[in-house]
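Student: Could you take me through the place where the ligand sits, in one close look? I would like to know what surrounds the ligand and what lines that space.

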Amino acid sequence: METEGNSIAEKAKDVYKRMSRTAMKAGRNPGDVALIAVTKTIDIGRIAEAIDAGLRIFGESRVQEAQRKISEFGMLSAKCGIKWHLIGHLQKNKVKQAVQFFDLIHSLDSVGLAEEISKQAERIGKVQDVLVEVKLSGEQSKHGVSKEGFFELLRSSGSLKNLHITGLMTIPPYFDNPEDAGPYFRELRALRDKAQVNGFNLPELSMGMSHDFEVAIEEGATMVRIGAAIFGERK
Ligand SMILES: *Cc1c(COP(=O)(O)O)cnc(C)c1O
């Protein structure tokens, strides 16, 4: 059983400890795995606490909610080197706002969306970093491209000048035993490796949440997205 403090600082410290222990056990450098603190539904005061605790990358699911929070922090974000990531599904009509606020979009899942992101990024003179969300399960409720769609998307996005695909993201089904998510993480890594062989440089693997991040790190995650383990269960 982990000893678990109550404050955000103590919980974050505990998560970091588990991350580095797992990375080292897997023969990996703990510095190669980034922690994205997922702040959907979490209010500004508690995000400020997380910043005080040293957290610097925040993940939000919805563009509007994120926009409101990010503008509250204003210049502080830039001054403290805070990064905001969009981890939820992105609709085309929200792309214009999304490219203004997010350092990384984890949820590219169609050619049309890729074109819109590149177009809106160009308008503001930015090259937008994105990850391709891949759906490896048959779950209806999940977003993401299929494995076949992934290669199609890579090929047809190649000419988009203001879009930079840096890796892959996936959300496996929920399993009571987190080890059962292992094959999904392994499959995402294999897909990345296959893309590398075909000339696409995609170092990032965004995979692993509160209940399965250790398994994801064992399988090569370079980013874990963690909400509940830092902020407590969401209502
Ligand atoms: C909510 C969410 C998370 C974090 O989930 P926790 O179980 O709270 O760690 C990670 N990734 C995505 C895409 C999410 O929507």
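Tutor: Happy to! The ligand takes up the space of the largest pocket, where sitting in a pocket asks for more than half of the molecule's atoms within 2 Å of its grid points. This is a predicted model, in which local features need pLDDT of at least 70 and side-chain atom pairs pLDDT 80 or more, while totals for chains, interfaces and linings use all residues. Residues are numbered from 1 along each chain as its sequence is written, and side-chain values use heavy atoms, without hydrogens and water.

The pocket holds about 930 Å³; a pocket is an open set of points on a 1 Å grid over the protein atoms alone, where a 1.4 Å probe fits, with protein on both sides within 12 Å along at least five of seven lines, and its lining residues have an atom within 4 Å of a point. Of its 40 lining residues, Lys40, Ser61, Ile87, Met209 and Arg234 are the closest to the centre.

Now the ligand itself. Among the residues around it are Val38, Ile171, Ser210 and Ala228, each with a heavy atom within 4 Å.

- the side chain of Lys40 has an N or O atom 2.6 Å from a ligand oxygen;
- a polar side-chain atom of Arg234 is 2.8 Å from a ligand oxygen;
- a polar backbone atom of Gly227 is 2.9 Å from a ligand oxygen.

The protein covers 88% of the 390 Å² of accessible area that the ligand has on its own, by the Shrake-Rupley method with a 1.4 Å probe.

Key:
Grid points are joined across faces, edges and corners, and a volume is the space filled by probe spheres set on the points. A polar contact is a pair of N or O atoms within 3.5 Å; within protein, one must be able to donate a hydrogen and the other to accept it, and residues adjacent in sequence count only if both atoms are side-chain atoms.
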